[in-house]
Amino acid sequence: MPIFLPPLSRRAFLGRSLLAGAGLLVRGRGFAAESTAPVDPHTWALLSDTHIAADRAKVNRNVVMAAHLEAVVRDVLAQSRRPTGALINGDLALNTGEAADYATFTDLIAPLRTAQIPLHLALGNHDHRERFWAALRDDATAKRPVVDRQVAFVPAARANWFILDTLDKTNSTPGLLGEAQLAWLARELDAHADKPALVVTHHNPTLDPAKVSIIDEAALYAVLRPRRQVKAHFFGHSHVWSVVPDESGLHRINLPAVAYVFEATQPSGWVSAQLAPRGMTLQLRCVDPSHRLHGETKELTWRA
Ligand SMILES: [Fe+2]
């Protein structure tokens, strides 16, 4: 199993906050953002690159990362459709995946859990797998389909999510899947060919051998392209928002960072994804609602 955080009751949240010494202010903020919207079984909240430090006041590239994640959590809960699940696609922690980073991260996402939204968490190159597992040990399930990797098969009403783990070395940029994970992916895709498959990695595919991001990207695309049930590849890492087609017709969706950006024109934010029978609607939600791209919508149609 992956790291999956199930919905949390108000009582459980209060207990956890007290144990963690999170204090009254945190609890108040969390519950101020509860959602009353009905759950939409086809809507997902897609987040990436939160880069949370232990210190909530930590600033990087002129961004207070905790404030960005709080704003995104509030926005997710303010939507008229409550998502059936949320994915947070790696680089959860600032740089080196410290235990205290994950403690703060866990507190910041708690309002999603108390809103009864299941959370699926992936790892990026600024996460630390063992410390992440240790920090979330109360919620983790020990059984993992790929040894020492954080992978998940998540069935949804109109598609299946395949969440992969490209973390190779903490705080080292390139990503790696490895043969065991690729073999697992191929087996799982073949076993679930009846529904559209949506594949998620933290690292971005460059499709350019001179600009390697996922070291075994060619092997990944050799698995994805011929399996026509694979409709889209979601990733983060580059802190860029873009949707571009692959030559084989699958969509490549670069999720924006919740945290800071590397290019001033790029937005910080998250993506609301709504599944249709033969495609998906993506809406960009910017942390800054005055950003020129806030609300941008992409209509995707699945390849045959
Ligand atoms: Fe990142």
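Tutor: Let us begin with a term: helices are DSSP runs of H or I with at least four residues, strands are runs of E with at least two, and both are numbered from the N terminus. With that numbering, Pro38 falls in the loop between helix 2 (23–32) and strand 2 (39–47). Please keep in mind that this is a predicted model.

Student: How do you know which class Arg61 and His239 belong to?

Tutor: Burial requires 20 or more other C-beta atoms within 10 Å, and the partly exposed class lies between that limit and the 12 or fewer of the exposed class. Arg61, in the loop between strand 3 (59–60) and strand 4 (63–64), has 13 C-beta neighbours inside 10 Å and so counts as partly exposed. His239, in the loop between strand 10 and strand 11, has 24 other C-beta atoms within 10 Å and is therefore buried.

Student: What is phi in Arg61, and what is it in His239?

Tutor: Phi is near 50° in Arg61, a positive value in a residue other than glycine, and near 60° in His239, again positive in a residue other than glycine. Most residues other than glycine have a negative phi.

Student: Which strands form the open sheet, and why are some of them said to stand at the edges?

Tutor: Six strands form the open sheet, in the order 7-8-9-10-12-11 and with mixed pairing. Strand 7 (152–155) and strand 11 (242–245) each have a single partner strand, so one side of each is left without a neighbour in the sheet, and this places them at the edges. From one strand to the next the twist averages 20°.

Student: How do you know that strand 10 pairs with strand 9 and with strand 12?

Tutor: Two strands pair if at least two bridges are found between them. Four bridges join strand 9 to strand 10, and these two run parallel; Val230 is the bridge partner of Ala197. Strand 10 (residues 230–235) and strand 12 (residues 251–254) also pair in the parallel sense, over four bridges, with His233 opposite Arg252 and Phe235 opposite Asn254. Strand 10 is, moreover, mostly covered, since six of its six residues are buried.

Student: What makes one side of helix 7 the buried side?

Tutor: In helix 7 (residues 217–224), the residues Glu217, Leu220 and Leu224 are buried. They cover an arc of only 60° around the axis, which puts them on the same side of helix 7, while Ala218 and Ala222 are exposed on the other side. The cover over the buried residues of helix 7 includes helix 6, strand 9 and strand 10. Helix 6 (residues 179–191) itself lies across strand 7, strand 8 (160–163), strand 9 (197–200) and strand 10, and runs at about 175° to strand 8.

Student: Why is a crossover called right-handed?

Tutor: It is called right-handed if, with the strands pointing away from the viewer, the path from the first strand over the helix to the second runs clockwise. Strand 9, helix 7 and strand 10 make a right-handed β-α-β unit. Strand 5 (residues 82–89) and strand 6 (residues 119–122), which pair in the parallel sense over four bridges, are linked through helix 4 (residues 99–114) in another right-handed β-α-β crossover.

Student: Which residues have the most contacts inside the largest nonpolar core?

Tutor: That core has 74 residues, and those with the most contacts inside it are Leu46, Leu47, Ile52, Val72, Ala86 and Val200. Its largest share, eight residues, comes from helix 3 (residues 65–78). Leaving aside residues up to four places away in sequence, Leu47 touches Val72, Ala86, Leu87, Ile88, Asn89, Val258 and Trp270.

How values were computed:
Residues are numbered from 1 along each chain as its sequence is written. This is a predicted model: local features need pLDDT of at least 70, side-chain atom pairs count only at pLDDT 80 or more; totals for chains, interfaces and linings use all residues. Axes are lines fitted to C-alpha atoms, for helices over the stretch in contact, and angles run from 0 to 180 degrees between N-to-C directions. Two residues are in contact if their C-beta atoms, placed from the backbone, lie within 7 Å. The arc is that of the directions from the helix axis to the C-beta atoms. A nonpolar core is a set of buried Ala, Val, Leu, Ile, Met, Phe, Trp, Tyr and Cys residues joined through C-beta atoms within 7 Å.
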